[in-house]
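Here are a few notes to read alongside the model. Have the structure open while you go through them.

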Amino acid sequence: SGAKGYEVRYSKNSNMSSATKKTTKSTSLSVSKLSKGKKYYIQVYAYAGSGSSKTYSVASTKKSVKTK
């Protein structure tokens, strides 16, 4: 079966240290309260299962974006 949801991780550090994690069941996610004019690195993981039995996919390719 397919993914039950997605975990989006974003950080100002390219090594993803101190990454913030957000989960969604949708294939899109809006994030607010980011610092203006800063570069963020983003990775996405699909997951199946729930609670302590979640299993995660391999991470997506890391992308960088700069806020306006």
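1. Strands here are DSSP runs of E, at least two residues long, numbered from the N terminus. Lys38 sits in the loop between strand S2 (20-24) and strand S3 (39-48). Lys38 is partly exposed, at a relative accessible area of 41% (buried is under 20%, exposed over 50%, partly exposed in between, with a 1.4 Å probe and protein chains only).

2. A word on the source: this is a predicted model, where local features need pLDDT of at least 70, side-chain atom pairs count only at pLDDT 80 or more, and totals for chains, interfaces and linings use all residues. Numbering runs from 1 along each chain as its sequence is written, and side-chain values use heavy atoms, leaving out hydrogens and water.

3. Now the rings. The whole structure gives three aromatic pairs (Phe, Tyr or Trp rings, the six-membered one for Trp, with centres within 6.5 Å; planes under 30 degrees apart are stacked, over 60 edge-to-face, the rest tilted). Tyr10 and Tyr40 have ring centres 6.3 Å apart and planes at 65 degrees, so they pair edge-to-face. Tyr10 belongs to strand S1 (residues 5-11) and Tyr40 to strand S3, so this pair ties together parts 30 residues apart in sequence. Buried or exposed, what is Tyr10? Tyr10 is buried, at 11% relative accessible area, and Tyr40 is buried at 6%.

4. Tyr45 and Tyr56 also pair edge-to-face, because their centres are 6.5 Å apart and their planes at 90 degrees. Tyr45 is in strand S3 and Tyr56 in strand S4 (residues 55-56), 11 residues apart. Tyr45 counts as buried at 15% relative accessibility, whereas Tyr56 is partly exposed at 39%. Tyr45, Tyr47 and Tyr56 make up one aromatic cluster.

Conventions:
Helices (H or I, at least four residues) and strands (E, at least two) are DSSP runs, numbered from the N terminus.
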